[in-house]
Structures are given as structure tokens and as C-alpha cells.
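Here is a short briefing on one protein chain.

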Amino acid sequence: MPPNFDDKLTINDHGCLTPKGPLGLAADETALRLDIWIFQDRAACMGFLLNPTGATWTINSDPHEDHFGNPFQPGAAIGMGLLVKKNTAGQAIVEQWNRPITLVGK
């Protein structure tokens with residue numbers, strides 16, 4: 001399964017997000033870097049993880065450093081991600097994806 005976002009993300013008290021989702025690594029793969037962006041009208045959030053591990057990933061966004069524009073509102077948004085990983089043979093693999101996401105209030 002490729003990496004993804006959770007279908008629903010909760011808007012926090014600062015009007016920003018804590019993006020998360022399944023990492024989707026194969027047994028012979030190691031993640032090197034994960035970058036994400038979430039957009040909604042005039043709101044955006046970004047973040048990255050170095051060497052994410054486990055079945056899922058979570059980025060604890062700083063509302064002052066990683067959030068841009070207006071607060072997020074409940075409703076539709078777009079999530080984009082870029083995962084750089086390698087397999088046990090040392091081959092670098094890059095995966096990019098984008099998905100619709102539903103933002104929900106607390």
C-alpha cells in the first residue's frame with residue numbers, strides 16, 4: 001500500500017492540523033524523508049519527517065512556523081505528499097501522491 005493521509009483530519013485550536021496517515025512501506029523498504037502539504041482555499045500547512053518509522057506517520061505542525069494563511073475550516077482540502085525511501089538493495093525510490101481530505105472541527 002502506498003503512503004497516504006487519513007481520510008479525516010481534525011482542525012486544532014490554532015486553526016491548523018496534525019497531519020497523519022499510513023506510511024505503507026514494504027518489508028524491504030526504509031523511509032528516508034516524508035514531506036507533506038495540505039491546502040484549503042487560503043489556508044496551507046506543511047511539514048516533513050526525517051527517517052519516519054512504523055506503520056503510520058504523524059507530523060506535529062507548529063501553527064506559527066508550518067501554517068500559512070487563514071485558519072482551516074471544516075470541509076474539503078487537498079493533501080500532497082512526497083516520500084523518499086530505499087530498499088534493501090540500496091535503490092532509492094520516490095513516491096508522490098495527492099488525495100482529497102475531509103477536515104473536521106474539534
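Ala76 lies in strand β7, residues 75–87; helices (H or I, at least four residues) and strands (E, at least two) are DSSP runs, numbered from the N terminus. The model is predicted: local features need pLDDT of at least 70, side-chain atom pairs count only at pLDDT 80 or more, and totals for chains, interfaces and linings use all residues. Residues are numbered from 1 along each chain as its sequence is written, and side-chain values use heavy atoms, with hydrogens and water left out.

**Ala76**
- Ala76 counts as exposed because its relative accessibility is 66%; the cut-offs for relative accessible area are under 20% for buried, over 50% for exposed and partly exposed in between (1.4 Å probe, protein chains only).
- Ala76 is in contact with Gln40 and Ile101, leaving aside neighbours within four places in sequence; contact means heavy atoms within 4.5 Å.
- The C-alpha atoms of Ala76 and Thr102 are 4.8 Å apart, although 26 residues separate the two along the chain.

**Sheet**
- Six strands form an open sheet with mixed pairing, in the order β1-β8-β7-β3-β4-β6; two strands pair if DSSP finds at least two bridges between them.
- β1 (8–10) and β6 (67–69) stand at the edges; each has a single partner strand, so one side of each lacks a neighbour in the sheet.
- From one strand to the next, the twist averages 25°; axes are lines fitted to C-alpha atoms, for helices over the stretch in contact, and angles run from 0 to 180 degrees between N-to-C directions.
- Twelve bridges join β7 and β8 in the antiparallel sense.
- Met80 stands opposite Asn98 in β8.

**Nonpolar core**
- The largest nonpolar core has 20 residues; Phe5, Ile38, Trp57, Phe72 and Leu103 have the most contacts inside it.
- Such a core is a set of buried Ala, Val, Leu, Ile, Met, Phe, Trp, Tyr and Cys residues joined through side-chain atoms within 4.5 Å.
- β3 (29–40), β4 (43–50), β7 and β8 (92–104) each give two or more residues to this core.
- The largest share, four residues, comes from β3.
- Not counting residues up to four places away in sequence, Phe5 touches residues including Ile38, Trp57, Met80, Trp97 and Ile101.

**Cysteines**
- The disulfide count is zero, where a disulfide is a pair of cysteine sulfur atoms within 2.5 Å.
- Cys16 is in no disulfide; its nearest cysteine sulfur, that of Cys45, is 3.7 Å away.
- That 3.7 Å between the sulfurs of Cys45 and Cys16 is too far for a bond.
- Cys16 is buried, at 0% relative accessible area.
- Cys45 also counts as buried, at 2% relative accessibility.
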